[in-house]
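Subject: Handover of a structure

Dear colleague,

Please find the structure below, followed by an account of what was found in it.

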Amino acid sequence: MNIQEYFARISYNESHKDADLQTLTVIFQHHIQAIPFENLSMHCGETIELDLQPIYNKIVRKKRGGWCLESNHLLFWALQELGYDVCILGGNSYKPAERAYSAELNHILQVIKGNSYIVDAGFGGAYQAWQPLMLISGKDQPQIPGIFRFMEDNGTWYLEKVKRKHYIPEQSDTDTPELGNIRKMYTFTLEPRHINDFQELNTYLQVSPDTILQKKSICSLQTTEGLYALVGWTFTEVKYNYMEDVDLVQITTLTDEEVEKTLKDKFNIVLENKLVPVNVRGLPPNLVDTI
């Protein structure tokens with residue numbers, strides 16, 4: 001594994017002499033705009049491994065993406081290589097349908113120790129932060145995707161995002177997200193974790209028929225203006241702040257052939273094995289409906 005090869009994968013060619021916040025922010029943004037959040041391996045007969053070398057080969061050399069366990073593990077390695085004092089943490093994501101947080105760890109993130117910034121390149125979709133988040137309770141942290149905010153209670157941290165309205169051209173009215181304008185994301189503590197703590201989760205997510213990752217083939221990528229998302233046969237393009245506090249959402253339904261072409265054209269992904277798109281009925285048809 002080679003840090004220069006990783007830099008080439010994320011199109012980063014600036015100085016990295018100083019392990020400071022500015023360098024961290026730029027590398028982070030290059031990472032999320034080059035490496036999709038995706039679970040396509042499990043929908044084309046491939047096994048997802050948590051060891052660093054297979055993740056590196058898949059994302060850096062084969063130019064694929066990965067889900068949170070893969071993308072954040074790769075970023076963890078890169079930041080360590082660059083001299084950052086970084087620590088893996090575990091999170092419990094919020095389930096809107098159940099209006100509760102997961103009882104078990106099901107998300108990985110990392111904290112830059114010393115100046116305490118949360119770095120998470122693996123949440124995907126419209127909840128992906130574009131900059132490291134300062135670990136401070138009760139402070140609004142505005143970014144292009146929206147306003148993020150941590151709340152802390154007895155050592156447990158909660159991350160939430162303020163939602164915007166959506167303008168969908170096919171609809172006559174601006175869509176206002178339901179359940180208020182706050183979207184809970186996940187909770188976590190500062191207990192240090194090791195990647196091996198997530199091996200059981202990695203296996204479970206690939207075999208359990210009850211997870212959303214089994215019920216949907218997902219690929220999302222942050223762009224300079226917003227994001228692309230492909231869920232099953234539904235392709236969504238979002239432009240943030242198209243109008244004041246309103247995001248533009250354009251939704252297209254694709255054929256099987258168009259799915260393959262879209263993966264190549266929009267996400268720079270060429271799969272080695274045949275993808276079987278999945279989007280189980282009864283669930284929101286695209287990522288935007290869950291925002």
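There are 16 aromatic pairs in the structure; rings of Phe, Tyr and Trp (its six-membered ring) pair if their centres lie within 6.5 Å, and planes under 30 degrees apart count as stacked, over 60 as edge-to-face and the rest as tilted. The pair of Tyr94 and Tyr101 is edge-to-face, because the ring centres are 5.1 Å apart and the planes stand at 70°. The model is a predicted one, in which local features need pLDDT of at least 70 and side-chain atom pairs count only at pLDDT 80 or more, while totals for chains, interfaces and linings use all residues. Residues are numbered from 1 along each chain as its sequence is written, and side-chain values use heavy atoms, with hydrogens and water left out.

Tyr94 has a relative accessible area of 15% and is buried, whereas Tyr101, at 25%, is partly exposed (buried means under 20% relative accessible area, exposed over 50%, partly exposed in between, with a 1.4 Å probe and protein chains only). Phe150 and Phe188 also form an edge-to-face pair, with 5.9 Å from centre to centre and 80° between the planes. Phe150 belongs to strand β8 (residues 146-153) and Phe188 to strand β11 (residues 182-188), so this pair ties together parts that are 38 residues apart in sequence. Strands (E, at least two residues) and helices (H or I, at least four) are DSSP runs, numbered from the N terminus.

Two loop residues come next. Lys216 lies between α6 (212-215) and β12 (218-222). Is Lys216 buried or exposed? Its relative accessible area is 2%, so Lys216 is buried. The side chains of Lys216 and Asn279 are joined by a polar contact of 2.9 Å (a pair of N or O atoms within 3.5 Å; within protein, one must be able to donate a hydrogen and the other to accept it, and residues adjacent in sequence count only if both atoms are side-chain atoms).

Leu254 is in the loop between β15 (246-253) and α7 (256-267). Leu254 counts as buried because its relative accessibility is 11%. Apart from neighbours within four places in sequence, Leu254 is in contact (heavy atoms within 4.5 Å) with Leu230, Trp233, Phe235, Val259 and Thr262. The C-alpha atoms of Leu254 and Thr234 are separated by 6.1 Å, although these residues are 20 apart along the chain.

Yours sincerely
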